[in-house]
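Keep the sequence and the 3D view open while reading.

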Amino acid sequence: MLITTLYRISKTSLVSFWRNRWLSLAATLIMILTLITISFFMSLLVITGKTTESLKEKVDMSVYFNESTSNDQVFAIQNLLLSRSDIKKVDYVSKEKALALWRERNKDNEKIRDVISSTDNPLPRSLEIKTQNPEDLEKINTLLSNDDYHPLIKDISYRKNKDLINRLVNITDFIKIIGWTLSLVFVLIAILIIYNTIRLTIFARSEEIAIMKLVGGSDWYVRGPFIIEGIGYGLLGALSSSVIYYFFFRFSVPVAEKYLGLSDLNSSYLGINFWAVVGLQILLGLALGVLCSMTAIRKHLK
Amino acid sequence: MTTEINLKEKKEETKEKPDKTLKEAPASRSDDSTVIEFKNVIKEYPGKVRAVDNVSFKIDLGEFISLVGPSGAGKSTLIRLLTCEEAPTSGQVLVAGRDISKLKQKEVPFYRRKVGVIFQDFKLLPKKTVYENIAFALEVADASNEEIKDKVPKIIEIVGLTSRTKAFSEELSGGEKQRVSIARALVHRPKLLIADEPTGNLDPVATWEIIELLFKINKQGTIVLLATHDKEVVDALEKRVITMRQGKIVSDQVKGKYIL
């Protein structure tokens with residue numbers, strides 16, 4: 001019984017979809033455009049978010065000590081810092097280690113590498129500090145800048161990173177605003193176009209609908225084909241935009257990775273989140289399609 | 001000329017059949033047999049136009065009623081009230097004791113299956129065959145395929161179109177189209193058949209064939225409400241005639257004539 005009805009309704013909506021194929025195409029296209037816009041901006045947000053996170057991870061503070069400062073004084077500062085709750089890690093870098101790092105960093109350039117040797121090592125000892133939050137670095141900076149410690153310290157470097165992070169946070173916020181606005185605009189356009197497409201289909205079939213009601217067709221029989229049409233736009237749109245999305249990311253992720261210096265983008269984004277994105281697109285497409293058709297058919301039922 | 005003779009012959013033929021129903025209908029006018037009752041019904045459209053103005057009347061089981069009056073007299077509104085397409089501004093339309101304006105939206109389709117309606121313009125689907133047009137009415141009412149296969153040929157036979165079963169409705173003559181539309185209206189076995197100017201587009205021969213068919217249906221126990229302009233038909237029927245003018249019932253005669 002239910003299957004028979006479902007079959008009849010689906011058949012009716014398929015026929016109507018085909019008869020109004022240009023309209024249907026327009027509705028499907030706008031659905032694709034909307035879903036693509038939304039998924040792209042969401043992906044961009046995830047990527048910038050991840051970049052910020054990984055940069056935050058990399059943020060640390062290096063405190064370079066004067067040659068005159070004794071090792072005990074350095075260790076005293078290290079212990080002082082380690083006792084604080086906002087500190088994650090404090091690593092001591094000795095002159096030897098600094099040299100090793102220098103050599104490692106310049107291993108391809110012999111001239112620069114050999115400027116510094118173990119006998120003549122101007123590289124200072126330092127403490128590499130990682131805090132729980134990048135914001136906490138400011139406090140550490142103030143602490144180390146007071147008169148007790150200032151004479152011991154040659155230099156503190158962290159400012160550059162802080163600016164970079166702030167800029168990234170700003171960019172993320174900007175993308176958020178643009179993303180939401182554009183998504184909203186596209187959702188509105190999609191609603192208008194799909195709503196009107198379904199209204200035109202209703203108009204094209206108004207005679208049939210009038211007869212249906214005349215002979216006592218159940219509400220679901222009248223409504224059904226249009227809801228299926230809406231579902232069709234949603235599914236078709238979601239599927240197409242997923243395919244586009246997949247290929248776009250297939251080719252753009254390696255490039256993005258290279259520029260942003262992220263290695264986990266590919267696996268986490270296309271491996272796990274891709275299906276989440278597809279799911280989201282389908283859900284959103286269905287919601288849009290059904291909402292539009294329900295609204296469009298409502299006044300024709302009474 | 002020939003058509004007139006033809007018409008008279010048909011009239012002679014059909015005269016016998018309705019006589020019985022005619023006698024028993026007005027005679028048994030008790031509340032028990034009242035199927036439809038309009039109680040002080042007013043229908044106002046925006047702009048204070050009173051299409052139906054304080055109308056009250058009863059229709060009993062098995063009646064054949066002609067509803068006449070000039071254009072704009074309120075006949076169509078009356079019909080739309082009866083098919084639940086409009087709700088009265090005030091008053092009640094009772095069918096089998098139930099106020100149909102209080103039907104829930106879900107119940108309306110089930111009510112409509114008990115009320116068959118035919119129109120001057122037939123309202124058939126042109127791209128469908130006779131069979132499909134009638135089957136359509138069953139399909140949208142969630143009938144099973146077996147039920148459709150069983151019922152449709154029978155109803156086509158009743159309206160005498162068996163040989164045209166597979167013809168597309170746009171290939172049919174006016175009279176044939178109206179028969180299809182009658183068949184479609186009857187497929188749910190309604191208690192009431194409303195005919196809104198069913199002969200308005202038909203030639204006299206076809207007109208009389210349709211009237212004859214309506215008589216046949218009425219004889220089998222279905223109430224027929226015939227809204228018409230056709231003086232000749234109304235006068236020949238010798239049935240109850242309700243005359244409307246400017247939204248009011250100006251006369252309700254048991255064995256009426258068309259008066260203007």
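## Where chain A meets chain B

In this predicted model, 15 residues of chain A are in contact with 18 residues of chain B. Three helices of chain A each supply at least two residues of the side that touches chain B: α1 (2–19), α8 (206–214) and α9 (219–260). Which of them gives the most? The answer is α8(A), with 4 residues.

## An open sheet in chain B

Turn now to chain B. Here 4 strands form an open sheet, in the order β2-β1-β4-β5. The pairing is antiparallel. Which strands stand at the edges? They are β2 (49–60) and β5 (98–99) of chain B. Each has a single partner strand, so one side of each is left without a neighbour in the sheet.

Strand β1 (residues 34–45) of chain B pairs with β2(B) over 8 bridges, in the antiparallel sense. One pairing to find in the view is B:T34, whose bridge partner in β2(B) is B:D60. In a regular strand, side chains alternate between the two faces of the sheet.

Helix α2 (residues 75–82) of chain B lies across β1, β2 and β4 (90–95) of chain B. Relative to β2(B), helix α2(B) runs at about 60°.

## Two helices side by side

Next, look at helix α4 (residues 130–139) and helix α6 (residues 174–186), both of chain B. Their axes come within 8 Å and cross at roughly 25°. Angles under 35 degrees count as roughly parallel, and α4(B) and α6(B) are therefore roughly parallel to each other. The crossing of α4(B) past α6(B) is right-handed.

Which residues meet here? From α4(B) come B:V130, B:N133, B:I134 and B:A137. From α6(B) come B:V180, B:A183 and B:R184. The residues of this contact divide into 5 nonpolar, 1 polar and 1 charged.

## A hairpin in chain B

The last stop is a pair of strands. Strand β9 (residues 240–245) and strand β10 (residues 248–253) of chain B pair in the antiparallel sense over 5 bridges. One bridge links B:V241 with B:Q253 in β10(B).

How many residues lie between the two strands of this hairpin? There are 2 residues between β9(B) and β10(B). In the turn, B:Q246 has a positive phi of about 50°.

Methods. Residues are numbered from 1 along each chain as its sequence is written. Chains are lettered from A and ligands numbered from 1 in the order in which they are written. This is a predicted model: local features need pLDDT of at least 70, side-chain atom pairs count only at pLDDT 80 or more; totals for chains, interfaces and linings use all residues. Axes are lines fitted to C-alpha atoms, for helices over the stretch in contact, and angles run from 0 to 180 degrees between N-to-C directions. Angles under 35 degrees count as roughly parallel, over 145 as roughly antiparallel, 65 to 115 as roughly perpendicular and the rest as oblique. A crossing is left-handed if the near helix is turned anticlockwise from the far one by less than a right angle, and right-handed if clockwise. Two residues are in contact if their C-beta atoms, placed from the backbone, lie within 7 Å. Ala, Val, Leu, Ile, Met, Phe, Trp, Tyr, Cys and Pro count as nonpolar, Asp, Glu, Lys and Arg as charged, and the others, Gly among them, as polar. Two strands pair if DSSP finds at least two bridges between them.
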